[in-house]
Amino acid sequence: HGALSLKDVTLTYPTRRGAIHALGPVDLDIESGEFVAVLGPSGCGKSTLLKLASGLLAPTTGRLTLGGQPVLKPSRRTGVVFQKPLLLPWKNVQDNVLLPATTLGLPMPAARERAAALLKLVGLDGYAGNYPGELSGGMQQRVGIARMLLPDPDVLLMDEPFAALDALTREALTLELQRIWSQQRKSVLFITHSIPEAVFLADRILVMSPRPGRIVEDYRPGLPRPRT
Ligand code: ADP
Ligand code: ADP
(Lines give C-alpha, C1' and ligand atoms only; values in the text may rest on other atoms or scores of the structure.)
(Ligands and ions follow the chains in the order given, each with its own letter.)
Protein backbone atom coordinates (compact mmCIF):
# COMPACT_ATOMS: atom_id res chain seq x y z
CA HIS A 1 0.00 0.00 0.00
CA GLY A 2 3.04 2.29 0.21
CA ALA A 3 4.13 1.80 -3.41
CA LEU A 4 4.56 5.10 -5.20
CA SER A 5 4.54 5.19 -8.98
CA LEU A 6 5.22 8.03 -11.42
CA LYS A 7 4.48 7.43 -15.10
CA ASP A 8 5.74 9.91 -17.66
CA VAL A 9 5.39 12.77 -15.18
CA THR A 10 6.33 16.31 -16.19
CA LEU A 11 5.91 19.60 -14.39
CA THR A 12 5.96 23.00 -16.06
CA TYR A 13 5.63 26.12 -13.91
CA PRO A 14 3.73 28.90 -15.65
CA THR A 15 5.42 32.24 -14.94
CA ARG A 16 4.93 35.77 -16.19
CA ARG A 17 8.04 35.44 -18.33
CA GLY A 18 6.92 32.14 -19.82
CA ALA A 19 6.74 28.51 -18.89
CA ILE A 20 9.58 26.81 -16.98
CA HIS A 21 9.87 23.14 -17.74
CA ALA A 22 11.15 22.10 -14.30
CA LEU A 23 10.82 18.34 -14.35
CA GLY A 24 10.56 15.27 -16.48
CA PRO A 25 9.48 13.19 -18.05
CA VAL A 26 10.10 11.03 -14.97
CA ASP A 27 9.24 7.35 -14.65
CA LEU A 28 9.76 6.01 -11.17
CA ASP A 29 8.50 3.11 -9.08
CA ILE A 30 9.18 3.11 -5.36
CA GLU A 31 8.37 -0.15 -3.63
CA SER A 32 6.51 -0.32 -0.36
CA GLY A 33 9.01 0.08 2.48
CA GLU A 34 11.86 1.26 0.24
CA PHE A 35 14.11 4.12 1.45
CA VAL A 36 15.02 6.27 -1.55
CA ALA A 37 17.44 9.19 -1.29
CA VAL A 38 17.52 11.91 -3.94
CA LEU A 39 20.73 13.80 -4.69
CA GLY A 40 21.38 16.53 -7.23
CA PRO A 41 22.38 20.19 -7.63
CA SER A 42 20.09 23.08 -6.71
CA GLY A 43 17.36 23.62 -9.26
CA CYS A 44 17.33 20.04 -10.59
CA GLY A 45 13.73 19.51 -9.48
CA LYS A 46 14.10 17.60 -6.20
CA SER A 47 11.55 19.70 -4.31
CA THR A 48 9.24 19.67 -7.30
CA LEU A 49 9.40 15.86 -7.32
CA LEU A 50 8.55 15.78 -3.61
CA LYS A 51 5.66 18.23 -3.97
CA LEU A 52 4.23 16.09 -6.78
CA ALA A 53 4.54 12.94 -4.66
CA SER A 54 2.73 14.66 -1.78
CA GLY A 55 -0.12 15.92 -3.95
CA LEU A 56 0.78 19.56 -3.21
CA LEU A 57 1.40 20.03 -6.94
CA ALA A 58 -0.49 18.37 -9.80
CA PRO A 59 1.64 17.10 -12.70
CA THR A 60 1.41 18.97 -16.00
CA THR A 61 1.34 15.61 -17.79
CA GLY A 62 1.56 12.01 -16.62
CA ARG A 63 0.19 10.08 -13.67
CA LEU A 64 1.11 9.48 -10.03
CA THR A 65 -0.32 6.67 -7.93
CA LEU A 66 0.14 5.61 -4.32
CA GLY A 67 -0.79 2.02 -3.57
CA GLY A 68 -2.54 1.97 -6.95
CA GLN A 69 -4.74 4.99 -6.12
CA PRO A 70 -4.23 8.29 -7.97
CA VAL A 71 -2.47 11.04 -6.00
CA LEU A 72 -4.81 13.99 -6.48
CA LYS A 73 -4.34 16.10 -3.36
CA PRO A 74 -2.49 16.00 -0.03
CA SER A 75 -3.79 13.18 2.17
CA ARG A 76 -2.97 11.39 5.40
CA ARG A 77 -1.30 8.68 3.33
CA THR A 78 1.76 10.90 2.90
CA GLY A 79 3.71 12.68 5.63
CA VAL A 80 5.99 15.60 4.80
CA VAL A 81 8.94 17.21 6.58
CA PHE A 82 10.83 20.21 5.24
CA GLN A 83 14.20 21.75 6.15
CA LYS A 84 12.44 24.00 8.66
CA PRO A 85 9.85 22.13 10.72
CA LEU A 86 7.34 25.04 10.59
CA LEU A 87 5.96 24.51 14.09
CA LEU A 88 3.28 26.85 15.41
CA PRO A 89 5.05 28.89 18.11
CA TRP A 90 1.87 29.49 20.15
CA LYS A 91 1.12 25.78 20.49
CA ASN A 92 3.02 23.40 22.75
CA VAL A 93 4.85 20.32 21.52
CA GLN A 94 1.92 17.97 22.04
CA ASP A 95 -0.52 20.24 20.18
CA ASN A 96 1.96 20.72 17.33
CA VAL A 97 2.23 16.94 16.96
CA LEU A 98 -1.58 16.74 17.06
CA LEU A 99 -2.08 19.29 14.24
CA PRO A 100 -2.66 16.67 11.52
CA ALA A 101 -5.33 15.06 13.74
CA THR A 102 -7.12 18.40 13.90
CA THR A 103 -6.83 19.16 10.18
CA LEU A 104 -7.71 15.60 9.12
CA GLY A 105 -10.41 15.09 11.72
CA LEU A 106 -8.88 12.00 13.34
CA PRO A 107 -10.46 10.69 16.57
CA MET A 108 -8.85 12.71 19.37
CA PRO A 109 -8.38 10.32 22.30
CA ALA A 110 -6.52 7.81 20.08
CA ALA A 111 -4.51 10.61 18.46
CA ARG A 112 -3.43 11.89 21.90
CA GLU A 113 -2.20 8.45 22.86
CA ARG A 114 -0.35 8.15 19.59
CA ALA A 115 1.20 11.61 20.01
CA ALA A 116 2.57 10.58 23.40
CA ALA A 117 4.02 7.36 21.93
CA LEU A 118 5.58 9.26 19.02
CA LEU A 119 7.16 11.84 21.32
CA LYS A 120 8.76 8.94 23.12
CA LEU A 121 9.86 7.44 19.79
CA VAL A 122 11.69 10.65 18.82
CA GLY A 123 13.21 11.01 22.30
CA LEU A 124 11.04 13.90 23.50
CA ASP A 125 8.94 12.38 26.26
CA GLY A 126 8.82 14.97 28.99
CA TYR A 127 8.63 17.86 26.51
CA ALA A 128 4.92 17.64 25.60
CA GLY A 129 4.12 20.89 27.43
CA ASN A 130 7.09 22.89 26.14
CA TYR A 131 6.80 25.50 23.39
CA PRO A 132 8.86 25.38 20.17
CA GLY A 133 10.83 28.48 21.22
CA GLU A 134 12.14 26.56 24.22
CA LEU A 135 13.63 23.77 22.07
CA SER A 136 16.87 23.46 20.09
CA GLY A 137 16.76 23.16 16.30
CA GLY A 138 17.29 19.40 16.48
CA MET A 139 14.48 19.00 19.01
CA GLN A 140 12.16 21.07 16.83
CA GLN A 141 12.92 18.84 13.87
CA ARG A 142 12.12 15.80 16.06
CA VAL A 143 8.73 17.37 16.76
CA GLY A 144 8.30 17.76 13.00
CA ILE A 145 9.08 14.07 12.52
CA ALA A 146 6.59 13.04 15.22
CA ARG A 147 3.94 15.26 13.60
CA MET A 148 4.65 13.70 10.19
CA LEU A 149 4.16 10.21 11.68
CA LEU A 150 0.95 11.02 13.57
CA PRO A 151 -1.58 9.99 10.88
CA ASP A 152 0.46 6.79 10.26
CA PRO A 153 1.20 7.68 6.62
CA ASP A 154 2.34 5.04 4.12
CA VAL A 155 4.97 7.29 2.56
CA LEU A 156 7.37 9.73 4.22
CA LEU A 157 8.57 12.65 2.13
CA MET A 158 11.52 14.57 3.53
CA ASP A 159 13.10 17.62 1.91
CA GLU A 160 16.58 18.14 3.43
CA PRO A 161 15.20 17.60 6.93
CA PHE A 162 18.58 17.93 8.65
CA ALA A 163 20.22 20.58 6.44
CA ALA A 164 19.71 23.43 8.93
CA LEU A 165 21.23 21.49 11.84
CA ASP A 166 24.81 21.44 13.10
CA ALA A 167 26.91 18.39 12.13
CA LEU A 168 26.61 16.60 15.50
CA THR A 169 22.83 17.01 15.78
CA ARG A 170 22.57 15.98 12.18
CA GLU A 171 24.49 12.80 12.82
CA ALA A 172 22.33 11.98 15.86
CA LEU A 173 19.12 12.56 13.93
CA THR A 174 20.35 10.50 10.99
CA LEU A 175 20.84 7.55 13.36
CA GLU A 176 17.41 8.22 14.93
CA LEU A 177 15.72 8.26 11.56
CA GLN A 178 17.40 4.96 10.67
CA ARG A 179 16.11 3.42 13.90
CA ILE A 180 12.59 4.77 13.41
CA TRP A 181 12.50 3.60 9.81
CA SER A 182 13.73 0.10 10.70
CA GLN A 183 10.81 -0.13 13.19
CA GLN A 184 8.12 1.31 10.95
CA ARG A 185 9.22 0.30 7.42
CA LYS A 186 7.55 3.15 5.61
CA SER A 187 8.36 4.07 2.04
CA VAL A 188 10.65 7.11 2.13
CA LEU A 189 11.65 9.75 -0.39
CA PHE A 190 14.51 11.65 1.23
CA ILE A 191 16.13 14.70 -0.37
CA THR A 192 19.62 15.48 0.83
CA HIS A 193 22.81 17.24 -0.24
CA SER A 194 24.89 14.83 1.84
CA ILE A 195 26.23 11.82 -0.05
CA PRO A 196 27.28 10.04 3.20
CA GLU A 197 23.78 10.56 4.61
CA ALA A 198 22.26 9.09 1.44
CA VAL A 199 24.64 6.13 1.44
CA PHE A 200 24.07 5.46 5.14
CA LEU A 201 20.28 5.66 5.05
CA ALA A 202 19.04 4.60 1.64
CA ASP A 203 18.34 1.32 -0.14
CA ARG A 204 18.40 3.24 -3.34
CA ILE A 205 19.90 6.55 -4.48
CA LEU A 206 18.54 8.67 -7.32
CA VAL A 207 20.74 11.36 -8.82
CA MET A 208 19.01 14.15 -10.72
CA SER A 209 20.31 16.67 -13.25
CA PRO A 210 18.74 20.03 -14.15
CA ARG A 211 17.14 21.75 -17.15
CA PRO A 212 14.82 19.98 -17.23
CA GLY A 213 15.02 17.95 -14.02
CA ARG A 214 15.56 14.29 -14.80
CA ILE A 215 16.72 11.16 -12.99
CA VAL A 216 20.14 10.33 -14.44
CA GLU A 217 21.25 7.64 -11.96
CA ASP A 218 19.28 5.02 -10.06
CA TYR A 219 21.68 3.17 -7.82
CA ARG A 220 21.23 0.52 -5.11
CA PRO A 221 24.22 0.77 -2.74
CA GLY A 222 23.74 -2.81 -1.52
CA LEU A 223 24.17 -4.23 -5.02
CA PRO A 224 27.20 -4.17 -7.31
CA ARG A 225 27.10 -1.14 -9.56
CA PRO A 226 25.69 -2.01 -13.01
CA ARG A 227 27.88 -1.34 -16.05
CA THR A 228 26.35 1.24 -18.40
P1 ADP B 1 15.61 21.70 -6.26
O2 ADP B 1 14.71 21.32 -5.16
O3 ADP B 1 16.37 20.56 -6.85
O4 ADP B 1 16.52 22.84 -5.91
P5 ADP B 1 13.21 22.78 -7.47
O6 ADP B 1 12.28 21.65 -7.64
O7 ADP B 1 13.00 23.72 -6.35
O8 ADP B 1 14.71 22.22 -7.48
O9 ADP B 1 13.22 23.65 -8.82
C10 ADP B 1 13.35 23.08 -10.12
C11 ADP B 1 13.25 24.19 -11.16
O12 ADP B 1 11.95 24.75 -11.15
C13 ADP B 1 14.18 25.35 -10.94
O14 ADP B 1 14.63 25.80 -12.21
C15 ADP B 1 13.33 26.38 -10.28
O16 ADP B 1 13.80 27.67 -10.55
C17 ADP B 1 11.98 26.12 -10.88
N18 ADP B 1 10.87 26.45 -9.94
C19 ADP B 1 10.66 25.90 -8.74
N20 ADP B 1 9.55 26.40 -8.17
C21 ADP B 1 9.05 27.29 -9.05
C22 ADP B 1 7.89 28.15 -9.06
N23 ADP B 1 7.01 28.17 -8.03
N24 ADP B 1 7.70 28.92 -10.13
C25 ADP B 1 8.56 28.92 -11.17
N26 ADP B 1 9.65 28.13 -11.25
C27 ADP B 1 9.89 27.34 -10.19
P1 ADP C 1 28.09 17.92 6.38
O2 ADP C 1 29.23 18.86 6.24
O3 ADP C 1 27.12 17.98 5.23
O4 ADP C 1 27.42 17.96 7.72
P5 ADP C 1 29.29 15.43 7.26
O6 ADP C 1 30.67 15.00 6.89
O7 ADP C 1 29.07 15.93 8.64
O8 ADP C 1 28.76 16.47 6.17
O9 ADP C 1 28.35 14.17 6.99
C10 ADP C 1 27.01 14.36 6.67
C11 ADP C 1 26.16 13.47 7.51
O12 ADP C 1 26.18 12.12 7.05
C13 ADP C 1 26.59 13.33 8.94
O14 ADP C 1 26.25 14.43 9.74
C15 ADP C 1 25.83 12.12 9.34
O16 ADP C 1 24.51 12.46 9.64
C17 ADP C 1 25.86 11.26 8.11
N18 ADP C 1 26.87 10.19 8.24
C19 ADP C 1 28.05 10.13 7.62
N20 ADP C 1 28.69 9.02 7.94
C21 ADP C 1 27.91 8.34 8.78
C22 ADP C 1 28.03 7.11 9.47
N23 ADP C 1 29.07 6.33 9.34
N24 ADP C 1 27.02 6.76 10.29
C25 ADP C 1 25.95 7.55 10.41
N26 ADP C 1 25.77 8.70 9.78
C27 ADP C 1 26.75 9.10 8.98
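The buried residues of helix H5 in this predicted model are Gly 138, Met 139, Gln 141, Arg 142, Val 143, Gly 144, Ile 145, Ala 146, Arg 147, Met 148 and Leu 149. Eleven of the 13 residues of H5 are thus buried, so the helix is largely enclosed by the rest of the structure. The elements against which these buried residues pack are strand S6 (78-81) and strand S7 (155-159), together with helix H2 (93-97), helix H3 (99-104), helix H4 (108-121) and helix H6 (167-184).

**Surroundings of the two ligands**

Ligand 1 is surrounded by Tyr 13, Thr 15, Ile 20, Ala 22, Pro 41, Ser 42, Gly 43, Cys 44, Gly 45, Lys 46, Ser 47 and Thr 48. By class, this shell is made up of five nonpolar, six polar and one charged residues. Ligand 2, in turn, has Ala 167, Arg 170, Glu 171, Thr 174, Ser 194, Pro 196, Glu 197 and Phe 200 around it.

| Ligand | Residue | Part of residue | Distance |
|---|---|---|---|
| Ligand 1 | Cys 44 | backbone | 3.1 Å |
| Ligand 1 | Ser 47 | backbone | 2.9 Å |
| Ligand 1 | Thr 48 | side chain | 2.5 Å |
| Ligand 2 | Arg 170 | backbone | 3.4 Å |
| Ligand 2 | Thr 174 | side chain | 2.7 Å |
| Ligand 2 | Glu 197 | backbone | 3.5 Å |

For ligand 2, which taken alone exposes 550 Å², the protein buries 56% of that area. Turning back to ligand 1, where an oxygen atom is 2.5 Å from an N or O atom in the side chain of Thr 48, the protein covers 62% of the 560 Å² of accessible area that this ligand has on its own. The elements that give two or more residues to the shell around ligand 1 are strand S1 (4-15), strand S2 (18-30) and helix H1 (46-54), and of these H1 gives the most, with three residues.

The side chain of Thr 10 makes a polar contact of 2.5 Å with the side chain of Thr 61. When neighbours within four places in sequence are left aside, Thr 10 is in contact with His 21, Leu 23, Gly 24, Pro 25, Pro 59, Thr 60 and Thr 61.

Arg 204 belongs to strand S9, which covers residues 204-209. With a relative accessibility of 5%, Arg 204 counts as buried, and its side chain is joined to that of Glu 34 by a polar contact of 3.1 Å. Beyond the neighbours within four places in sequence, the residues in contact with Arg 204 are Leu 28, Asp 29, Ile 30, Glu 34, Phe 35, Val 36, Ala 37, Asp 218, Tyr 219, Arg 220 and Pro 221.

Key: Residues are numbered from 1 along each chain as its sequence is written. Chains are lettered from A and ligands numbered from 1 in the order in which they are written. This is a predicted model: local features need pLDDT of at least 70, side-chain atom pairs count only at pLDDT 80 or more; totals for chains, interfaces and linings use all residues. Side-chain values use heavy atoms; hydrogens and water are left out. Buried means under 20% relative accessible area, exposed over 50%, partly exposed in between (1.4 Å probe, protein chains only). Helices (H or I, at least four residues) and strands (E, at least two) are DSSP runs, numbered from the N terminus. Contact means heavy atoms within 4.5 Å. A residue is near a molecule or strand if one of its heavy atoms lies within 4 Å of it. A polar contact is a pair of N or O atoms within 3.5 Å; within protein, one must be able to donate a hydrogen and the other to accept it, and residues adjacent in sequence count only if both atoms are side-chain atoms. Accessible areas come from the Shrake-Rupley method with a 1.4 Å probe; for residues, only the protein chains shown count as cover. Ala, Val, Leu, Ile, Met, Phe, Trp, Tyr, Cys and Pro count as nonpolar, Asp, Glu, Lys and Arg as charged, and the others, Gly among them, as polar.
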